[in-house]
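Please look over the model below before reading on. My notes follow as numbered points.

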Amino acid sequence: MSQRTPSVEVPISGMHCANCAIGVEKHLRSVGLADSKVSIATESAFVSPTAEWPLPKIEAEIKSLGYSVRPSSESRTEHDHMSAHDHTGFLQSGLAVLVATLFTLPFLVHMLVDVKLLHNPAVQAFCASIACSIGLAKFIPSAISSLKVKVPNMEVLICIGIFASLGYSFYGWYIGDHEFFGFFESAATISTLVLIGGWLEQRVSSRARSAITELAKLQPSTATRIVIESGVEKREVVASRNLNVGDIVAVNTGDRFPANGIITSGKCSIDESIATGESALQSREIGDLVIAGTVVSQGSVLVRLTAVEADSFVASMVKLVKRAQTEKPPIARTADRIAAVFVPLVLGISLLTLLGSLVFDLSIGEAITRSVAVLVIACPCALGLATPAAVMIGIARGAKHNVLFRSGVSVEALARIDAIAFDKTGTLTTREPTIEISSVNPKFSVSDLKRIALALEQHSSHPIGKRIAEFCSDVSPIALRDVREEIGVGVSGTGDGGQRYTIGRESGGRESGGRESDKSGRTVIAVDGAPAGVIGINETLRDGAKSALQHFNTESISTTVVSGDSQARCEALNLGSEVELVGGASPTEKQATIAKIGKQVAFIGDGVNDAPVLASASVGISLGEASSVAVNTADVVLVGSNLKALVTAHTLAKATLVTIKQNLFWAFSYNIVAIPVAMAGFLSPSWAALAMGFSDVILIINSLRLQFKRID
């Protein structure tokens with residue numbers, strides 16, 4: 001078996017519709033690259049090179065199909081600028097559309113005003129030839145590429161329609177019967193309207209892709225690197241992609257960090273909202289970690305890089321969003337299968353229309369008109385674009401709201417859930433419990449109690465004991481000897497005066513290792529057996545936790561808390577009767593609980609022990625601050641600490657699925673209605689071209705509504 005390398009992105013230029021992407025993907029899979037995924041939404045392929053198929057060979061194979069491959073490091077802006085002056089750039093530009101339109105306008109004038117010159121077949125042939133040449137120069141390469149991979153696309157239909165209309169018109173001019181055989185107008189109009197429709201679609205689609213561009217802009221393109229030459233410190237501005245691990249860079253007020261690193265000099269206040277969702281400024285000084293893309297609001301620091309640009313937080317987000325847009329949800333598979341066979345089907349219908357019209361004694365001109373109208377009105381791209389257009393915008397919108405969907409499949413799965421289960425500690429609650437110390441004996445002040453607690457708990461191995469010690473670290477501990485910790489009981493020690501100090505439950509111990517075994521989580525500090533103070537240890541719900549639970553209750557989605565903590569600790573959260581509580585669950589028992597629910601269940605967790613449950617749930621959801629194992633296992637990642645993002649994720653997923661259904665309904669309905677209308681002769685090729693050109697634009701515009709839909 002061949003050695004497989006990780007999946008890499010290959011940016012592709014020249015794909016004009018979803019059928020192009022389907023064809024490239026089908027071809028790559030047919031030669032042995034079974035994991036290949038190609039997306040018109042991101043204009044790229046994700047491939048896993050092998051020993052037999054290294055990356056250069058894969059790129060050459062894509063080029064052999066008639067497409068071009070951009071270097072993965074090359075930005076879209078750079079590419080567009082470079083190609084603006086070449087032949088392909090002209091065909092993709094608005095200038096080509098303008099020229100074609102200018103040479104098509106005489107046909108419109110011809111219909112409105114009786115100008116003898118415009119009736120001349122030579123003039124009509126000249127104008128139509130210019131307009132059609134521009135269109136065919138753009139359509140033919142794509143059509144040939146699609147035929148090479150045996151998945152004919154829309155351009156095949158358009159080219160046949162233009163050639164049929166143009167050829168028939170030249171034949172009529174040749175035999176001197178231009179009035180009867182004159183289709184120059186139709187040929188020019190078809191070409192120009194399809195060009196206009198494609199240009200509008202390209203413009204609208206570029207807006208849909210803008211979220212990825214905006215994410216990429218969070219990564220600064222240049223950085224100030226510090227170098228030492230002959231003992232003299234120098235500063236040089238370099239491209240961020242040329243930085244290496246270990247380099248020292250200077251970052252000043254208003255700058256973004258070019259890569260992850262550790263501060264070696266200075267201090268600053270940082271806006272980390274893009275990474276953590278926290279809007280408050282964070283103070284950072286020597287030894288602190290900083291994240292690429294975050295902004296220095298005040299101060300200047302030197303940073304030693306611990307990662308390169310490609311491994312930064314921003315780069316990871318961009319890769320995740322791009323890869324997610326390439327994955328197709330289940331609802332898209334039927335549309336893809338139909339789109340793949342649609343063109344041959346339409347060619348057959350067009351031929352039947354031609355033959356049927358002649359059988360019913362219609363003129364050959366009318367038969368060709370109807371046949372060409374069928375070719376032009378059909379729109380396989382509408383079927384192919386219905387899902388990727390919505391998924392692309394939905395995922396990009398999620399990324400801007402701190403929600404990262406790992407794939408289009410994740411979007412649909414989250415939209416369809418009818419149950420959700422939460423891990424408790426670190427997910428539904430914060431990682432740090434709230435601690436309160438109060439005195440129950442007037443002989444001891446709160447400060448005295450903190451000194452006692454610190455003296456005892458600094459010897460503890462229990463997580464909550466460590467937290468108490470941290471809470472009391474602002475005082476000095478009393479002197480103790482013979483300090484002992486009894487697992488499941490507590491900590492005790494003897495003072496200089498012979499007093500016996502203990503910390504544990506009211507009985508003097510800690511039940512089964514749990515300081516928090518009673519609902520209140522009370523821990524008692526005792527001196528010679530008499531209570532001196534009480535420590536209240538309470539868990540705090542995350543911001544947005546209550547509103548998230550309320551959201552799912554309103555949506556009639558059952559909610560369950562599945563925790564390794566005791567049932568009593570779960571009940572102490574007072575989440576309400578609508579939430580089912582399952583305490584004391586091991587990872588295996590968590591999986592069994594999810595399976596027992598027996599529905600489309602989402603599970604949200606943060607720990608390493610949650611990874612198996614995240615993988616087995618219908619949708620695994622993790623917090624961005626969770627363990628790397630949990631993040632890598634999850635289908636959806638919520639960046640930040642506020643569970644409000646969970647509501648955003650679910651609302652956005654539902655809105656995206658609704659948009660996909662609307663798009664598919666329009667695409668199917670359009671073709672089901674439009675093709676019979678064209679067969680019946682109620683649509684001229686010109687009107688058919690106009691309708692076809694704007695059908696894709698309607699889908700994109702409907703998908704763009706997701707950018708403005710309220711999701712919080």
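**Notes on the predicted model**

1. Buried residues account for 51% of the 712 residues in the protein chain. Buried means under 20% relative accessible area, exposed over 50%, and partly exposed in between (1.4 Å probe, protein chains only).

2. This is a predicted model: local features need pLDDT of at least 70, side-chain atom pairs count only at pLDDT 80 or more, and totals for chains, interfaces and linings use all residues. Residues are numbered from 1 along each chain as its sequence is written, and side-chain values use heavy atoms, with hydrogens and water left out.

3. The protein chain has 27 helices and 24 strands. Both are DSSP runs, numbered from the N terminus: helices are H or I with at least four residues, strands E with at least two.

4. The largest nonpolar core holds 49 residues. Such a core is a set of buried Ala, Val, Leu, Ile, Met, Phe, Trp, Tyr and Cys residues joined through side-chain atoms within 4.5 Å. Phe405, Leu414, Ile621, Leu638 and Leu646 touch the most other members. Helix H26 (residues 644–679) gives the most to this core, with 10 residues. Another core, of 40 residues, lies apart from it; Ile190, Leu195, Ile368 and Ala678 are among its members.

5. Leu646 has contacts (heavy atoms within 4.5 Å) beyond its neighbours within four places in sequence: Ile420, Phe422, Ala548, Phe552, Ile604, Ile621 and Leu638.

6. Thr560 sits in strand S20 (residues 558–562). Is Thr560 buried or exposed? Thr560 is buried, because its relative accessible area is 4%. Leaving out residues up to four places away in sequence, Thr560 touches Ile420, Ala421, Phe422, Glu580, Val582 and Ile597.
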